[in-house]
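Trainee: I would like to learn how to read a model such as this one, feature by feature. Could we begin with how its helices are defined?

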Amino acid sequence: MVDMARVWPILCQFGIGGLLCAVGVWAGLSSGYLDMKLKDDRRLVAVIVGGFVGLLVLSCAFTFWLPFVGGGDAS
Amino acid sequence: MIGTQLDLIVMVNYFVVVVGFGVYFGKYSSTTKDFYFGGQRFAWWVIAFSATATTVGSYSFVKYSAAGYNYGLSSTQSYLNDWFWVPILLLIWLPIIYFQRIQSVPEYFERRFSKTTRLVATVFILIYLIGYVGINLLTLGQALHTMLGWSVFAGASLACVAVTFYVFAGGQTSVIMTDLVQGITLLIVGVGIFLAGVAHFGGFVDWWALMPESHRYIFSEFNKPDKFSFIGVYGQDGLANTGAFVLMNQGIIMRFLALRSVKDARKMSICWILVLAPLAAITVSGGGWIAKALVENGELETTANDSFIHAAHLLCSPGIFGFVLAALMAALMSTADTLINASSAVFVNDVYRPYFKKEAKDTHYLKVARISSLSVAAIGLLLVPIFDGETVYQAHAKFTAAITPPIVMAILLGILWKRFNTPAALATMVGGGALVFLSTFSPFDALFLKPLAFGMGEGSYKFIRAVFGLLVSGGLGVIVAYATRPQPLESIAGLITGTQLQAMEFFKGAPLNRREGEVVYVPVETDASLSGDETVLVSSAHMETLAAEAGDLLYVCDRRWWFGGLRSFHTKAVEGGEGATLRLSAEAMARGHFQDGDVVYIEKQF
């Protein structure tokens, strides 16, 4: 049984966080400031997405897996 | 006194070295641009480490170690929710302030809205900043009292004189260079204590096994406990405080403006938030985690608030513990110096220049900048005995809680929504601030905050107040914006999203050249026939490699990376000359701190 008190934080942080990221990237693209023809700009978008996914993976690992490794009680 | 005489000697030496280091770099500050923005020449890694030192505040070791001791890994929540604001910072806010040459948050309010809005923002931000100078000096005094037994005011005075000494000498340049050292010290000591603790238990697996299961989660539970629930911490820190951090923190904005380019701002943000912030989280929380495991293992008795010092004392030999004390001092000093410099910047830019002396030579403003740094530090010091009495301290905390969400919302709506106008900004800041302030008193706290508390009790109100502040100030702003006329778009060009390219053109003063070129490495040579401090001649071949045209903005920097941009300057491309050298006027050589034959790299900006 999944403990929703542990799931809601991930949904909330990455839901609202995703929205904030999307607003920033949309503003960059729609203004032309972010030019996907430029290597640096493509790299920035990749890093933004990579950072988001990396933090999500880290959060999931420390919520659903690592707390139960090494003698923890599964809830 | 904590520790031995040897520890004390190590700490005092560290103190002297940092102050001396800061004073030495004073020679790089000869204009107000140097004093407040470090000459806009620093490399990303210098600013990333210095910003880390600034963000690890005077209270951080105690606060986060206590949270780590009580709640485990979830003490890192505050350090892992910053990334989501980075796109708004890098793609909207930074291009606006950097390319519009906006020097302070209140200045943005005047350019985007009106003079009245700037005045309101100036008053709010100055009270906020100077109050924080006082709180930081108080914390410094309390730390020295605990470590050395001195009176709080004597300790605060000594620390204040030391910090002000190098801020006075070198402004932002000295602040950045000392904070670079302090950032590295902090991270090495904090992470070192954590790793020493882990090694003490025999490795990560053994340490992890000693941590209670409740301490192994990266987030606390959604709505409990009241004083450390996820939603409370996220609302207060992840939304309001991080929003304030990237949008309204004058010290951090000045750090971004000290970078040599917005390209470096990208690298700096990535390094700072994805690499150094998690290390900083371990630095400030690790002592609490190790202390908890030591207690579980029956090796230590401590309280949450003392967990860092007790764990460090147990793990470190005499002398090494002196570095721990030095790291605590580093956390304290690196925040105080930034606050003093930032308060002085707001005073000169938003009070002195517009209301007392509009047109004067830069040397005059530099003098005023130095005097105002001294004055801010003096006022901060005078606040120490007042804040020591709790009531005023609490009043400042309430004031800060009241103004932060409204100013964040005013900036956010200001940069995102063209309809958001002057009356809406005033309603957001003044109306929103008043309602949040009201929510700090009974019975309004229950009335306003209980519906948003997700079933939590009064213990959560301090956190939930930030969510209430964002909602109510944003709501007021939207209502007033719809009820009044929007400003003409041409009056806010370059100040809202959608117009970042116009801001870039304003900065350059010519059409943009965004063709991708390559960096050129070339020796410099003085050319006596050139004059003016920004005159260079770039050969045709180099112009082609750079993909540059006459009038494009160039950045010229000593190729030795460890100078971190200290030896560099910005200029405009002028084509001329042949051969493999970059010819500079004598003034330009002095400005860049170059000597004939030094190899520099040239980078085209746009």
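Mentor: Helices (H or I, at least four residues) and strands (E, at least two) are DSSP runs, numbered from the N terminus. Residues are numbered from 1 along each chain as its sequence is written, while chains are lettered from A and ligands numbered from 1 in the order in which they are written. This is a predicted model, in which local features need pLDDT of at least 70, side-chain atom pairs count only at pLDDT 80 or more, and totals for chains, interfaces and linings use all residues.

Trainee: In which helix does B:Gly592 lie, and does it count as buried or exposed?

Mentor: A residue is buried if 20 or more other C-beta atoms lie within 10 Å of its own, exposed if 12 or fewer, and partly exposed in between, with C-beta atoms placed from the backbone. B:Gly592 lies in helix 22 (residues 586-592) of chain B, and it counts as buried because 25 C-beta neighbours are inside 10 Å.

Trainee: Which residues is B:Gly592 in contact with, leaving aside its neighbours within four places in sequence?

Mentor: Two residues are in contact if their C-beta atoms, placed from the backbone, lie within 7 Å. By that rule B:Gly592 is in contact with B:Val556, B:Arg567, B:Ser568 and B:Phe569, its neighbours within four places in sequence being left aside. With B:Ser568 the separation is 24 residues in sequence and 4.4 Å in space, C-alpha to C-alpha.

Trainee: How many helices and strands are there in chain B, and how does its radius of gyration compare with the globule rule?

Mentor: Chain B has 22 helices and 6 strands. The radius of gyration is taken over C-alpha atoms, and the globule rule is 2.2 Å times the number of residues to the power 0.38. For chain B the radius is 25 Å, close to the 25 Å that the rule gives for 606 residues, so the chain is as compact as a globular protein of that length. Along its principal axes the C-alpha trace of chain B spans about 75 × 65 × 45 Å, and buried residues make up 59% of its 606 residues. Among contacts in chain B between residues at least 6 apart in sequence, 81% join residues at least 24 apart.

Trainee: Which residues have the most contacts inside the largest nonpolar core?

Mentor: A nonpolar core is a set of buried Ala, Val, Leu, Ile, Met, Phe, Trp, Tyr and Cys residues joined through C-beta atoms within 7 Å. The largest has 228 residues, and those with the most contacts inside it are B:Ile47, B:Trp93, B:Val133, B:Leu137, B:Ala159 and B:Val324. Helix 14 (residues 320-355) of chain B gives the largest share of this core, 21 residues. Of these residues, B:Ile47 touches B:Phe42, B:Ile176, B:Arg255, B:Ala258, B:Leu259 and B:Met268, not counting residues up to four places away in sequence.

Trainee: Where is the kink in helix 10 of chain B centred?

Mentor: The bend at a residue is the angle between axes fitted to the seven residues ending there and the seven starting there. In helix 10 (residues 230-247) of chain B there is a kink of about 30°, centred on B:Asn241. That helix is mostly covered, with 15 of its 18 residues buried.

Trainee: Which peptide bonds to proline are cis?

Mentor: The bond from B:Lys224 to B:Pro225 is cis, with omega near -5°, and B:Pro225 is found in the loop between helix 9 (204-210) and helix 10 of chain B. A cis peptide bond also joins B:Ser442 and B:Pro443, with omega about 5°, and B:Pro443 lies in the loop between helix 17 (422-438) and helix 18 (444-449) of chain B.

Trainee: What is phi of B:Gln40, and is that residue buried or exposed?

Mentor: Phi of B:Gln40 is near 50°, a positive value in a residue other than glycine. B:Gln40 is found in the loop between helix 2 (32-37) and helix 3 (44-55) of chain B, and is buried, with 21 other C-beta atoms within 10 Å.

Trainee: How many residues of chain A are in contact with chain B?

Mentor: There are 38 residues of chain A in contact with 37 residues of chain B. On the chain A side, the largest share, 16 residues, comes from helix 1 of chain A.
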